[in-house]
Amino acid sequence: MDVKFSTYGAQTALFFLFLCRLASFAATGTVAAHPPKLLNGAPVLFEVHAPTKIDSLTGTWLGHQLTFSYDAPRKTWFALAGVSFETKPGKYTLEMTGESAQAKQRVHLQKVFTVGRAVYPKIKVQLAVEKKFTAPSPEQENQIAESVKIKQEYLGRVTPEREWRGDFAAPVDAATSDVFGSQRIFNGVAQREHQGLDYRVPTGTAVHAMNEGTVLLARFLYFEGNCVVIDHGQGLLTLYFHLSELRVKEGDAIKRGQEIGLSGGTGRATGPHLHVAVRWQGTYLDPARLLQIALPR
């Protein structure tokens, strides 16, 4: 009886020792953010070196679900995410779970990141637009409601597969006229912060897709005018507003650099220009910062 008890105790001790070693082994995994300084309103690329061989990696960040992709040459897992404009400065935890089908084990990782406050322009942009955009009639309000319904139905979709490959590219070769985060005032009425990037281009300028994806929307909306929305997978969208012409249709597979339309001044626009926005799982992010991140293919 004593021998059996000792053997069982030794087995139990070895089992718990194994668990402790596994836990400490898991802790050796590394998690990095690019850029390393996280800011409100900015995208971020998370890169993970797993402590052991895994077949999949998922995570949660600021209430959003992440699915990581594997970069075989670098032997790392990566996911593109973001921090909302409204997120307050502080410390936030990225939680991750890795699965190994062969070893039938699960690896847990976590990393605490500090989010700082970005400096966005404080200048108020005074703009004049047609009255129908600031004081719409009942009929126009119905049109607005229909556009809102379409955006709610389409822009909240999160497809499971990543479609983007490599760096995002500017949609036009031109200077910007307004940036993300600035406050706008139309006909004396204050609006929320500017949620995109404006390029100073004349009507008829070719607009190109910033990365690979599928056309989610290609139609006229009340405020946006002729617009194209490209789904790059996993909740990441790029949006192109005020176009004079659409050169793609909904459901089209798009390559980076492909022409998707011509710039214009349709919708709520003070003149010809291109407005580009980046939306990640319902959160608008700074397009200029996304263009600066080196991304894996």
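Two residues are in contact when heavy atoms of theirs lie within 4.5 Å. By that criterion, and leaving aside neighbours within four places in sequence, Arg 162 is in contact with Ser 69, Phe 78, His 232, Gly 233, Gln 234, Pro 296 and Arg 297. The model discussed here is predicted. Its chain has three helices and 23 strands, and 45% of its 297 residues count as buried.

**The chain as a whole**

- Among contacts between residues at least 6 apart in sequence, 68% join residues that are at least 24 apart.
- The accessible surface of the chain comes to about 15,300 Å². Carbon and sulfur atoms account for 55% of that surface.

- Arg 162 has its place in the loop between α2 and β11 (176-178).
- Arg 162 has a relative accessibility of 14% and therefore counts as buried, the cut-off being under 20%.
- Ser 69, one of the contacts of Arg 162, is 93 residues away from Arg 162 along the chain, yet the C-alpha atoms of the two are separated by 8.1 Å.

**Helix α2**

- Helix α2 comprises residues 138-154, 17 residues in total. At 1.5 Å a residue the helix should span 24 Å, and its end C-alpha atoms are 25 Å apart, which agrees with that expectation.
- The buried residues of α2 are Ile 144, Ser 147, Ile 150 and Tyr 154. Because these residues cover an arc of only 120° around the axis, they lie on the same side of α2.
- The face of α2 turned away from the buried side carries the exposed residues Pro 138, Asn 142, Lys 149 and Gln 152.
- Strand β16 is included in what covers the buried residues of α2.

**Strand β16 and its partners**

- Strand β16 (residues 213-221) runs antiparallel to strand β17 (residues 225-231), and seven bridges join the two.
- A hairpin of three residues connects β16 to β17.
- In β20, Ile 254 is the bridge partner of Gly 213.

**The open sheet β15-β21-β19**

- Three strands form an open sheet in the order β15-β21-β19, with antiparallel pairing.
- The edge strands of this sheet are β15 (206-208) and β19 (245-246), each of which pairs on one side only.
- Two bridges hold the antiparallel pairing of β19 with strand β21 (residues 259-262). Here Leu 246 stands opposite Gly 261 in β21.

**Salt bridges**

- A search of the whole structure finds ten salt bridges.
- One of them links Glu 47 and Arg 74, with the closest N and O atoms 2.8 Å apart. Glu 47 lies in strand β3 (residues 43-49) and Arg 74 in the loop between β6 (69-71) and β7 (76-82), so the pair ties together parts that are 27 residues apart in sequence.
- Asp 286 counts as buried at 7% relative accessibility, while Arg 289 is partly exposed, with a relative accessible area of 25%.
- Lys 249 forms a salt bridge with Asp 252, the closest N and O atoms being 3.1 Å apart. Lys 249 has a relative accessible area of 55% and is therefore classed as exposed, the cut-off being over 50%.

Definitions and conventions:
Residues numbered from 1 in each chain as written. Predicted model: local features only at pLDDT ≥ 70, side-chain atom pairs only at ≥ 80, totals over all residues. Heavy atoms only, no water. Pairing = 2+ DSSP bridges. Helix = DSSP H or I, 4+ residues; strand = E, 2+ residues; numbered from the N terminus. Expected span 1.5 Å × (residues − 1). Buried < 20%, exposed > 50% of the residue type's maximum accessible area, 1.4 Å probe, protein only. Arc of directions from axis to C-beta. Salt bridge = Lys/Arg side-chain N within 4 Å of Asp/Glu carboxyl O. Areas by Shrake-Rupley, 256 points an atom, 1.4 Å probe, with all protein chains shown as cover.
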